[in-house]
Amino acid sequence: MSRRAFIGWMLAMLALIATALAGLVKLLQKVVATQEASRAPGAAKGSVDAPQTGKPEPQAGGDPNAPLFSLMVLSDLHVSEADPHTIRNLKKALEDIQELGGPVDAIALTGDLTEYGSEKEYKGLSKLLSAYKLPPLYANMGNHDYYDVWIDRFGRFNKDTMPNGKTDWQSRERFQAFFGLSKPYHDVWVQGHHVILLSQETYVQEKPEVGEGAWYSEEQLAWLEERLAAHKDGKPVFIMTHQPLPPAGRDGKTHQLIPANRFREILKPYKNVFVFCGHSHQDFQGTIEHYVRESFHYFHNSSVGRVMNRKYETVNKEKSQGLYVQVYRDRVTLRGRDFTGKQWLKEADWTVPLTKA
C-alpha cells in the first residue's frame, strides 16, 4: 500500500470512529436526560391535554382482597425556610410513605404547597421531593400558592405595596411549570382510577373580591362536567379541591369554594364521588367532623405542615397528618395517618361501601 493510500485509509477509519463516538455520546445523553426527567418533581404528571392512563387495573383473577388503587392525600404543606417545622414535617411524611408497607400508587397534594409560592420556595420543594423515591405526585393550587404578591422587594410581607410589582398570572405560571401543566386544573388516571384536581384560578391582584376563596371559571366547571360524564358506570372518582365548601344551599366566600351551588349541581347525578379539601388544617383528633355525607362523600383533610386545633392555633408544631385512601371492589377505605408517630388514627377511620350503578 502506498503512503498516500495508507494515509487515506487512516483518515477514513478516524472519521468512522468519530461518527461512532458521536452517536454513543448522544445515546448516553438521552439516557441521562430520561433518568433525570423521571426524578424531576414535574415528571410523570398528568396534563389537561393528555391525561395519563396509568397502569392497567388488576385483572379479575387476582387476589379479591387486594386493593385496586391506593392514594395518599396530603394537604397544606406550607414549605418555607422561614418555618423549618414545615420542612421537617414534610420530610416525616415522605419518609413514612416510603416505609409504609402498603401500596401507594399516587400522591395528591391539595394546595398550599409553599408559604408564598415564590420561585425560591418552589426550588426548595423540588430539592426536598427529589431526595425521596416517590410514586407520581399530582397537585392543585391553594390560596398560599398565590401569596408572592404580598412580598415586597425587601422580602417582607407588605400589604401597603401589594401586589409589589407582581401578578397572580406569575404565580399560576410557576405552579404550572413546576408540574408540567398547561392549566392550573387537570386530571389523571392511575391504576384505572380517575383523580381530578381543581384549582382556584385567580387571587386578589386580579379579583380583590375573592379574598381567600377559590374562584373557578365557567370554563373549568364545564371541563369538570365533561370529565365526570365518563362515570355513569358508578366507578369511584376522586376530586381534589383546596378550600372547603360552604353549607349546602349557598355559594361560598372568602376561605371557601365560591361557586359551590354550581359545583354541587355538577356532582349530583353521579354515584361514588369522593371530594377532598384542605385549608382548615384541622387535627383529626378532637376538632371538626372530617367526613360529611352529601350526594357525594366529602372529606376534610388535616395538614402536613401545620396541624391546628378548633381555634386555628398550632399547639404542637411537630404534628403532621394525612389521609390514606384505598379502593376495593366493593368499598373505599380512608384512614388518617400520623406521620410523626408513624401510626393510624382511630378517630379518622372510615369504610364507605360503593353504590352499584
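Two residues are in contact, or touch, when heavy atoms lie within 4.5 Å of each other. These views come from a predicted model, where local features need pLDDT of at least 70, side-chain atom pairs count only at pLDDT 80 or more, and totals for chains, interfaces and linings use all residues. Residues are numbered from 1 along each chain as its sequence is written, and side-chain values use heavy atoms, leaving out hydrogens and water.

**View 1. Meet Leu113 and its neighbours.** Leaving aside residues up to four places away in sequence, Leu113 touches Leu77, His78, Val79, Tyr122, Leu125, Ala139, Asn140, Asp145, Phe175 and Phe179.

**View 2. An open sheet of 6 strands.** Follow the order β4-β5-β6-β7-β9-β8, with mixed pairing. Strands are DSSP runs (E, at least two residues), and helices are runs of H or I with at least four, numbered from the N terminus; two strands pair if DSSP finds at least two bridges between them. β4 (186-190) and β8 (291-293) are the edges, each with a single partner strand, so one side of each has no neighbour in the sheet.

**View 3. β5 beside β6.** Strands β5 (residues 193-197) and β6 (residues 237-240) run parallel, joined by 4 bridges. Here Val195 stands opposite Phe238 in β6.
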